[in-house]
Amino acid sequence: TCVFLVAGIASTLAQTQISGKVADSQTSEGLPAAHVIIEGTYTGTIANEDGEYSITVKEFPATIVVRYIGYETQKKTLTQDPDDFVDFMLDESVAEMQQLVVTTEDPAIRIMKEVIARKQIWRAKLDTYKADAYSRQQLLKDTTIISISESVSEVFWDKKKGPREVLKSRRQTANIDDANNFAGVSYLPNFYNNALDIAGFDVVGITDERALKYYHFDLVNYTSIDDKIVFEIKVSPKRKLQPLFEGTIFVLDEEFALLSVKLKPNDVVVFPPPVQDFNMYYEQQFSNFGGDFWLPVDVRIEGLVEVGIVGLRFPPIGFNLISKINDYQVNVSLPDSLYKTNSLFSIDSTTVDRVDSRSEEHT
């Protein structure tokens, strides 16, 4: 059994690590991927599958805010290091939906028109950003972990020049070579983008201006967060031969912003050999951190991959990836050196070559 240590490269000077659990107040069950942020900042993280979280506080007092769709947001202000876990027990949110006016089109069409229009407004004001990222990738056979790779990186985005990523630290189990550690976020989708590259296919995004021509949107349910309605919308392709997405998205009423998506590529998207079958769901959450811009806070991919060659097919391999993105800096100057080459991914050798960034395997 491999027990993996997370690679950390940020200075801990004058910083405090706050940990705890986010759970349902009635059942005490953890709320996986709950969003935890420090109020008034772009610093945030998501809880793990058991609802457990850990976040760095740079100074006190600090107010920690926890959000989860279907629940009331909860805040706790800390004036000093609590020296104990800081848990959040969330109450379910109940909000009444106003009666919808019956028209010839599904209400989801009107909602998505608003989402697309609002995105155009705030995206026009977003020129650049940089952020810190942590990625962890697992391959599994049945329930047995085959390999684990992790990375800590800095991610950059420029409206005109696109994304870049600089690897700062990495670790992997001993059966993976350093050069094959591809844990990172630069090649992962941002579902607020107009077009997304999935396995070399140019896929129209769900918030693209053309989205209503390519997708069916159907309002299937609603929930709430605090006192605002959250619409649950089913997404399905209109064109059978076009590479597109299908699944479910959640949209916040009034602000008409994507809160989260759970989407998969349709059958038109095929991966090159030796991949023979690919059944993956992409999940992603967004937050405006109290500001104007809705930015991705994570990417989660989970599913099965089948590989094989002529006459030989191997058992499915489980694939699990989670990337957390936090500590955004918005509309800042980015180094020109990032764009001297066309490579999305580069390595900071001064940090990656350090001893604590090398691969280890623990039993």
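**Exercise 1. Which residues line the largest cavity?** Work it out in this predicted model, then sort the lining by class.

*Solution.*
Step 1. Start with how many cavities there are to consider: the count comes to one cavity of 30 Å³ or more. The volume of the largest cavity is about 50 Å³.
Step 2. Its lining is made up of Trp122, Arg123, Leu126, Tyr129, Trp157, Asn190, Asn193, Trp294, Leu295 and Pro296.
Step 3. Now place them on the fold: α1 (107-123) and β18 (295-296) are the elements that give two or more residues to this lining.
Step 4. Sorted by class, the lining of the largest cavity holds seven nonpolar, two polar and one charged residues.

**Exercise 2. Find His35 and decide: is His35 buried or exposed?**

*Solution.*
Step 1. Locate the residue: His35 belongs to strand β2, which spans residues 35-38.
Step 2. Take its relative accessible area, 7%. Buried means under 20%, so His35 is buried.
Step 3. Look at its surroundings. Setting aside neighbours within four places in sequence, His35 has contacts with Thr45, Ile46, Val65, Val66, Arg67, Ser287, Phe289 and Val297.

**Exercise 3. Where does the pLDDT stay below 50?** Begin with the chain average.

*Solution.*
Step 1. The average pLDDT of the chain is 88, and 90% of the residues score at least 70.
Step 2. Over residues 1-13, however, pLDDT is below 50, and this stretch has 26 contacts in the model beyond near neighbours in sequence.
Step 3. Residues 355-363 also stay under 50, with 24 contacts beyond four places in sequence.
Step 4. A friendly caution to finish: where pLDDT is low, predicted coordinates should not be read in detail.

Methods. Residues are numbered from 1 along each chain as its sequence is written. This is a predicted model: local features need pLDDT of at least 70, side-chain atom pairs count only at pLDDT 80 or more; totals for chains, interfaces and linings use all residues. Side-chain values use heavy atoms; hydrogens and water are left out. Helices (H or I, at least four residues) and strands (E, at least two) are DSSP runs, numbered from the N terminus. Buried means under 20% relative accessible area, exposed over 50%, partly exposed in between (1.4 Å probe, protein chains only). Contact means heavy atoms within 4.5 Å. On a 1 Å grid over the protein atoms alone, a cavity is a set of points where a 1.4 Å probe fits but cannot get out, and a pocket is an open set with protein on both sides within 12 Å along at least five of seven lines; lining residues have an atom within 4 Å of a point. Grid points are joined across faces, edges and corners, and a volume is the space filled by probe spheres set on the points. Ala, Val, Leu, Ile, Met, Phe, Trp, Tyr, Cys and Pro count as nonpolar, Asp, Glu, Lys and Arg as charged, and the others, Gly among them, as polar. pLDDT is the predictor's confidence in each residue, from 0 to 100.
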